[in-house]
Amino acid sequence: MKGFIDSKLAWGLLLAASLVFPWVAGNDYHLTVMSTAFIFAIATLGLNLITGYTGQLNLAHAGFMAVGAYTVGILTVDHGWSFWAAFPMAGVVSAFIGYFVGIVSLRLKGHFFSIFTLCVGYIMFLLIEKWESLTHGTVGIMGIPAPEPIGSVAFESPLALYYLTLFFLVMAVWAMRRIVKSLLGRTFIAIRNSDELAEALGINLMRNKTLAFMLSVFYAGMAGGLYAGFVRFIGPDIAGAHHTFDMMIFMIVGGLGTVLGPLLGAIGMPWLTQSLQFLQEYRFIVFGPILVALVIFLPHGIVGSFLAWRARRDAKEGKPHAQD
């Protein structure tokens, strides 16, 4: 029998809490913080697919999020597309570029792959900053239109945008759970555990790694496109490596190789930093030891450590264990 942490009841309670959050948030600022967290949670789910499930650390993930954001910005501002027409292209363009990056970078393994993708991410940042005729350079793209109304529902207020980002997060989580629980997801896990063993079982390593990479950056691109419509302005900073490292922290704190872990990390960590704002420049003196303590005492993240403890308990009791 599945544990509570990955049961339908647990996911239902999380959804219910998200739906009622605006009524206890207190102000629009809190809604904006949570909406931004939802957007980065979508991108983090994508990074977790290639890192946590397939075992490849992509340090260019923020660059692909920037590709999605700039796709929406360029198509809407420079070419007059509507947001809803440009939004799907954010994921498509990111996945298209991801295919060519993947077939080159995924021939490398371990830290060589990570270093290569770090360089790719920096090249993306430089292209966005220097290619002024396309990206508007350091000025960025301003005046990105908000998502057009759907029927009588307009997306101008923070409340409406909150529920819009929540809707896409729910869809992203649903799709990710379907992927990781499928034969494809088990194939990714087999590759993560051992390239050699997976290949011996007849798994095409390059094809599956490339597919995982494309799905991962598709999530990043869609998050970027949603971000562009949410903040209405984008600049080269969105492609900065610090955003990738933020998402890595979200995964590590929540738990690599789980769906719930990166989700909780991406939503919880921004609130932790917000709660330490009163310390101003000293907040990182508190924040750093908290992260160190989590890594020491919960090396698999919050959710990952719980699942590992439950697996050991079930093994002792002779019970079958269900993975998140």
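Biologist: Is K130 buried, partly exposed or exposed, and what is its relative accessibility?

Modeller: Buried means under 20% relative accessible area, exposed means over 50%, and partly exposed lies in between, with a 1.4 Å probe and protein chains only. K130 has 60% relative accessibility and therefore counts as exposed. Please note that this is a predicted model, in which local features need pLDDT of at least 70 and side-chain atom pairs count only at pLDDT 80 or more, while totals for chains, interfaces and linings use all residues. Residues are numbered from 1 along each chain as its sequence is written, and side-chain values use heavy atoms, with hydrogens and water left out.

Biologist: How many salt bridges does the structure hold?

Modeller: Side chains of opposite charge can pair when their charged atoms come close. A salt bridge is a side-chain nitrogen of Lys or Arg within 4 Å of a carboxyl oxygen of Asp or Glu. The structure holds 3 salt bridges. One of them joins the side chains of E129 and K130, at 3.9 Å from N to O.

Biologist: Which residues are linked in a network of salt bridges?

Modeller: The network links K109, D195 and K209. The side chain of D195 meets that of K209 at 3.0 Å, N to O. This pair links distant parts of the chain, with D195 in helix α9 and K209 in helix α10, 14 residues apart. Helices (H or I, at least four residues) and strands (E, at least two) are DSSP runs, numbered from the N terminus. D195 also forms a salt bridge with K109, at 3.8 Å from N to O. D195 lies in helix α9 (residues 195–200) and K109 in the loop between α4 (83–105) and α5 (110–130), so the pair ties together parts that are 86 residues apart in sequence.

Biologist: Are D195 and K209 buried or exposed?

Modeller: Both D195 and K209 are buried. The relative accessible area of D195 is 12%, whereas K109 counts as partly exposed at 47%.

Biologist: Which residues is T165 in contact with, leaving aside its neighbours within four places in sequence?

Modeller: Contact means heavy atoms within 4.5 Å. With those neighbours left aside, T165 is in contact with S35, F38, I39 and L226. T165 is found in helix α7 (residues 158–180) and counts as buried at 1% relative accessibility. A polar atom of the T165 side chain lies 2.8 Å from the backbone oxygen of Y162.

Biologist: How many residues apart in sequence are F100 and M214, and what is their separation in space?

Modeller: F100 and M214 are 114 residues apart in sequence, and 9.4 Å apart in space, C-alpha to C-alpha. F100 lies in helix α4 and is partly exposed, with a relative accessible area of 43%.

Technical notes:
Polar contact = N/O pair within 3.5 Å; in protein donor to acceptor, adjacent residues only side chain to side chain.
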